[in-house]
Amino acid sequence: MNALELFELWAPEGASWSLWAKPVLFAAESPVPASARQDWLSACISARRRWTPTNLTDTALVLDLPGPLALALALDWATHGWRPVPLFNSCPGPGALVDNEPIRVGLAEAAPQLGDANLPATAAPGFVLDSRRVDGAPAPQRFDNRWVVFPQDFPSGARLLASGLRRVLLVQEGRRESRPDLAHVLLRWQRAGLEILALDLAGEASPAPLAVPEPKRFRAFGYRALIALGLRKSSAGGFGGLIPMPHQGGGGFA
């Protein structure tokens with residue numbers, strides 16, 4: 001199966017949310033390290049011990065967890081009717097700050113499982129993120145593939161409501177409040193009339209309402225440019241680039 005065929009399994013033509021799936025990791029051509037498969041299998045085992053969504057009709061999911069776990073949970077929950085929508089927007093690379101390799105394994109190996117779920121085109125979305133997306137300490141010669149999400153990466157609140165969705169469940173681990181970049185999305189949805197629920201897999205037994213506070217620079221002009229400042233965009237799409245060595249020499253003008 002080539003990269004395009006694999007992507008089309010995750011973002012099938014005619015499915016309601018395929019327009020938002022990110023192709024970046026599907027297009028990667030570098031070999032996947034052997035250790036990445038074990039990391040993916042560990043994430044699958046961990047996912048099977050987690051909370052399972054029940055009695056959540058008219059609900060979209062946002063899984064903001066470590067990437068392999070988020071993807072494994074999304075696949076498990078596909079059997080309950082949610083279509084995984086991968087939003088991973090960073091390239092793999094040598095010495096990468098964000099390790100995308102286990103996610104690449106999952107996208108390839110779990111494609112048949114997704115097909116077996118036989119989801120309808122109108123299935124509710126489970127947007128899949130990587131909570132590690134801004135982790136890591138930049139250093140020369142490291143591959144900086146940290147990334148952030150923007151409101152444009154998601155459908156609008158009006159689009160969700162028009163599709164019959166009335167609430168959004170944010171699933172995280174070790175926290176209830178959303179990460180700052182995601183708050184810009186959730187608050188827009190909340191103000192559009194969607195109920196926002198939150199679930200902390202580390203402690204809570206069931207989802208609870210979340211009042212999203214207004215984040216810094218909400219709706220500010222130039223917000224996208226300000227937030228992306230210091231991150232490295234990839235010419236192939238998404239985020240990712242090598243951090244150069246500092247200039248050497250005495251400096252100054254000749």
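Biologist: Which residues are buried in H7?

Modeller: Helices (H or I, at least four residues) and strands (E, at least two) are DSSP runs, numbered from the N terminus. Buried means under 20% relative accessible area, exposed over 50% and partly exposed in between, with a 1.4 Å probe and protein chains only. In H7 the buried residues are Asp-181, Leu-182, Ala-183, His-184, Val-185, Leu-186, Leu-187 and Trp-189.

Biologist: How should I read the numbering and the values?

Modeller: Residues count from 1 along each chain as its sequence is written. This is a predicted model, where local features need pLDDT of at least 70, side-chain atom pairs count only at pLDDT 80 or more, and totals for chains, interfaces and linings use all residues, while side-chain values use heavy atoms, leaving out hydrogens and water.

Biologist: Which residues are linked with Asp-181 in a network of salt bridges?

Modeller: A salt bridge is a side-chain nitrogen of Lys or Arg within 4 Å of a carboxyl oxygen of Asp or Glu. Arg-179 and Asp-64 form one, with their closest N and O atoms 3.4 Å apart. That pair links parts of the chain 115 residues apart, and both residues are buried. The network joins Asp-181 with Asp-64, Arg-133 and Arg-179.

Biologist: How many residues apart are Asp-153 and Lys-22?

Modeller: Their side chains meet in a salt bridge of 2.9 Å, N to O. Asp-153 is buried at 8% relative accessible area, and Lys-22 is buried at 17%. In the chain, Asp-153 and Lys-22 are 131 residues apart.
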